[in-house]
Amino acid sequence: MYTLVIANKNYSSWSLRAWLALRAAGIAFEEKRLNLDTPEFAPQLKGLTPAGKVPCLIDEGFSVWDSLAICEYAAERHPEAGLWPADPRARARARSLAAQMHSGFGDLRRVMPMNIEAHLPGIDVTDAQKDIAQVLALWRDTRAEFGQAGPFLFGKFSIADAFYAPIVSRFTTYGVAVDGAAREYMDAIQALPAMQEWTRDALAEGLWVAQDEPYRTQR
C-alpha cells in the first residue's frame with residue numbers, strides 16, 4: 001500500500017494532480033494530509049522529501065516527490081492502469097502537455113491560485129489571459145487530434161488530464177468563459193468520481209490559509 005502525502009485539498013493543486021491520477025486509475029493508496037501554513041508542516045515532511053513540499057509518495061519507505069515523478073512512477077509500476085496513452089505519438093503529446101503544465105503557465109498560477117470553495121468571478125485576470133488562451137487552444141487542438149474515443153484529452157483519462165484538472169478548477173472559481181470543446185472537457189473532468197470526491201473533501205475542510213487567499217484577506 002502506498003502512502004500519498006498531500007496538503008489542503010482546497011488549495012494544493014500539485015497534490016490534486018498526483019492524487020487524481022492514482023485515484024482515477026484505481027491505484028490503492030493511503031492518504032496523509034498535512035495542513036499548509038502551520039508550524040507542523042515542515043517538520044512532518046522532514047525525512048520524507050528533500051524538496052520539503054507536497055505531494056510525496058511513500059512506497060515501502062521509498063520516497064518519490066514531485067507530481068510528475070509520482071505519476072511516472074505509478075505508470076511504470078501499474079502499466080495495466082493505462083495512465084499514458086498506448087499510441088506512441090499520443091503518449092509523446094500527453095507527456096509534452098504534462099511537462100508544459102509542470103514548467104509553464106506561471107502567470108495563470110500566480111493570478112488565479114486554486115481555491116475550490118471560492119467563487120471569484122470579479123477578479124481581474126488580465127495578466128493571465130495569454131496563458132488562458134493557450135490552455136484553451138491546447139485543449140481544443142488535442143481533443144480534435146486525439147480525443148475522438150472519449151471525453152478527455154486523449155479519449156481515455158490520462159496523466160495529462162490529471163495535470164490540467166486544477167486549471168479546470170481555477171476556470172470555475174474565477175468564472176472564465178468557455179464554450180464548445182473546452183466546456184465539454186471541463187464538464188468531463190468535473191464529472192469524474194475522483195474529482196467529485198476531491199471537491200467534496202475540499203469544501204468540507206473549512207481551513208483558512210491566509211497566504212493562499214490573496215483576494216480575501218480576512219474572515
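Residues are numbered from 1 along each chain as its sequence is written, and side-chain values use heavy atoms, with hydrogens and water left out. Because the model is predicted, local features need pLDDT of at least 70 and side-chain atom pairs count only at pLDDT 80 or more, while totals for chains, interfaces and linings use all residues.

**The sheet**

Select strand S1, residues 2-6. Helices (H or I, at least four residues) and strands (E, at least two) are DSSP runs, numbered from the N terminus. S1 belongs to an open sheet of four strands in the order S2-S1-S3-S4, with mixed pairing; two strands pair if DSSP finds at least two bridges between them. The edge strands, S2 (29-33) and S4 (62-65), each pair on one side only.

Show the side chains of S1. Tyr2, Leu4 and Ile6 point one way, Thr3 and Val5 the other way, and all are buried (under 20% relative accessible area, with exposed over 50% and partly exposed in between; 1.4 Å probe, protein chains only). Five of the five residues of S1 are buried, so the strand is largely enclosed by the rest of the structure.

**The largest pocket**

Select Ser12, Ser13, Trp14, Lys53 and Val54, the closest to the centre of the largest pocket among the 23 residues that line it. On a 1 Å grid over the protein atoms alone, a pocket is an open set of points where a 1.4 Å probe fits, with protein on both sides within 12 Å along at least five of seven lines; lining residues have an atom within 4 Å of a point. About 580 Å³ of space lies in this pocket, a volume being the space filled by probe spheres set on the points, which are joined across faces, edges and corners.

Colour helix H1 (13-24) and helix H5 (106-111): each supplies at least two residues of the lining. H5 gives the largest share, three residues.

**The second largest pocket**

Finally, select the lining of the second largest pocket, which includes Ile116, His119, Ser169, Gln190 and Thr199. Helix H7 (159-173) and helix H9 (193-205) are the elements that give two or more residues to this lining. The space in the second largest pocket is about 170 Å³.
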